[in-house]
Amino acid sequence: MNRRTLLRSTLVGAAATLVLASCSSETSLPDGALGDPNNAQLTFWDNNAGPDRTPLYEELIRRFEAANPGIDIQYVGLPSDSAQQKYQTALAGGSAPDLGIVSTAYLAPLVAQDAVISLDDFVAASPQRDEYDAGILESARESGGGEHLFGLPYTSNNATLWYRADWFAEAGIEPPDTYDEFFEAAKDLTDKDDGRYGFTIRGGAGSIYPLLQYMFASTGIESFFEDGESTLNRPEMVDAIERFAALYDVATPTADVNNGFPQMVASFGGGSVAMMQHNLGSLSNHEKALGDKAGAVALPRNEDGKRTVMTDPFPSYTVFKSSKHQAAAWKFLEFMTSQESQAYWNERVGQIPVNKAARSAPEFASMPSVQAALAALDDPKTVLVTPPDYLPDFGKIVQVQMLGQWQKVLIGQLSAQDFADDFAEKLDRSMAKYVARQGK
């Protein structure tokens, strides 16, 4: 099975029937698993806490503790924008949690620090092992260096173009399927006198991943590296950056230069913008604010008619090496990735379960955003691009180093060419360091 087929399986192949997963206190463990699997006090960190998701974890923890009275789970919710730093601070101070949610975007540094354990033997011993999507697990292995599974993903996300279905209907415009149609719609749906903008462009925290997803989607370039060099400063990439940045303060709000997800979703739900790019996970926000007025399509095709999808980082359950309760921690993770738990969590956030048996829950069939992702990834013409999360400093580059540079591009203080050259140079240096370490 090739890489593209493996990744496409993340969103297809749902089981025909939904059978509730067992909440039994029994589990299968590999030899040498540390601690008593039935008695422990575990600290569990969530890297993306908030009013929409924290209650879901609290409910699942309640269910687990009811079935496993000897195990107590202490839930700690972290803000997404500071979670990576909090993990590093805890490691430096010798106070890491027993287990936590870690994005594959910053899993590699934890692996390099020998801070998390391999879960391969635990998965192999689990009766659920054949329910886990092989493509997602393979991608997670690559994020950790390609050999071992250091994080167990529990959801699959996809970049999505959310749009105001009522505005498009009023204007007689179809949702964009190509980037030419996207830019035209952004222009046509902008009416500054009426406080309406065609698009909200992300300039603040978390802006580089969606920018990269746009760059690959609009150009059709299929890899971050070719012939040992980064593709990010190719002429077509530079042109794509220029075209995207030109939307700012013309078809987007001026405040977008500093806006992250909370401000974008508020603008979209509040009635001031027609389109926003985000992943599947913002479904609940749009439903609460707009109901059926919010539509969703996959990111548009490029001018050659090809759809290129850069995969989102996978949030993954990890067990820290310093934990004395690794057996109980795995027992909890096995419960959290069971069919019943997976259906409960993913239905409510509008994302794709890693447990394939959970995907047949009827709620998924009624989610346009999920169906759009399925249709795009099931298209044989779709090309999938995997970000180089295995580079230990890739997360730092995209989350920190390039953020201010992108903002300078938006306000005209830095050219798209200089931005792309800087980005490509950083990735080339990172790859060179990675290759050198691998050779030792």
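A salt bridge here is a side-chain nitrogen of Lys or Arg within 4 Å of a carboxyl oxygen of Asp or Glu. Asp52 forms one with Lys288, and their closest N and O atoms are 2.5 Å apart. Between domain 1 and domain 2, the count is one salt bridge.

Before going on, a word on the model itself. This is a predicted model, in which local features need pLDDT of at least 70 and side-chain atom pairs count only at pLDDT 80 or more, while totals for chains, interfaces and linings use all residues. Residues are numbered from 1 along each chain as its sequence is written, and side-chain values use heavy atoms, with hydrogens and water left out.

**The two domains**

The protein chain is divided into domain 1 (40-156 + 313-371) and domain 2 (159-312 + 385-439); such bounds come from an automatic or database domain assignment. Their C-alpha centres lie 27 Å apart. The contact (heavy atoms within 4.5 Å) takes 23 residues from domain 1 and 19 residues from domain 2.

The size of an interface is often given as the accessible area lost when the parts come together. Here, domain 1 and domain 2 bury about 1600 Å² between them, with 52% of it on carbon and sulfur atoms. This buried area is the accessible area (1.4 Å probe) that two parts lose on being put together, summed over both. Asp52, Pro313 and Ser369 supply 32% of the area that domain 1 buries against domain 2, more than any other three residues.

Four residue pairs, both at pLDDT 80 or more, are in polar contact between the domains. A polar contact is a pair of N or O atoms within 3.5 Å; within protein, one must be able to donate a hydrogen and the other to accept it, and residues adjacent in sequence count only if both atoms are side-chain atoms.

**A look at Asn157**

Asn157 sits in the loop between β5 (155-156) and β6 (159-164); strands are DSSP runs (E, at least two residues), numbered from the N terminus. Is Asn157 buried or exposed? Asn157 counts as buried because its relative accessibility is 11%, where buried means under 20% relative accessible area and exposed over 50%, with partly exposed in between (1.4 Å probe, protein chains only). Not counting residues up to four places away in sequence, Asn157 touches Asn279, Leu280, Gly281, Asp312 and Gln351.

| Asn157 part | Partner | Distance |
|---|---|---|
| Asn157 side chain | Gln351 side chain | 3.0 Å |

Note on methods:
Helices (H or I, at least four residues) and strands (E, at least two) are DSSP runs, numbered from the N terminus.
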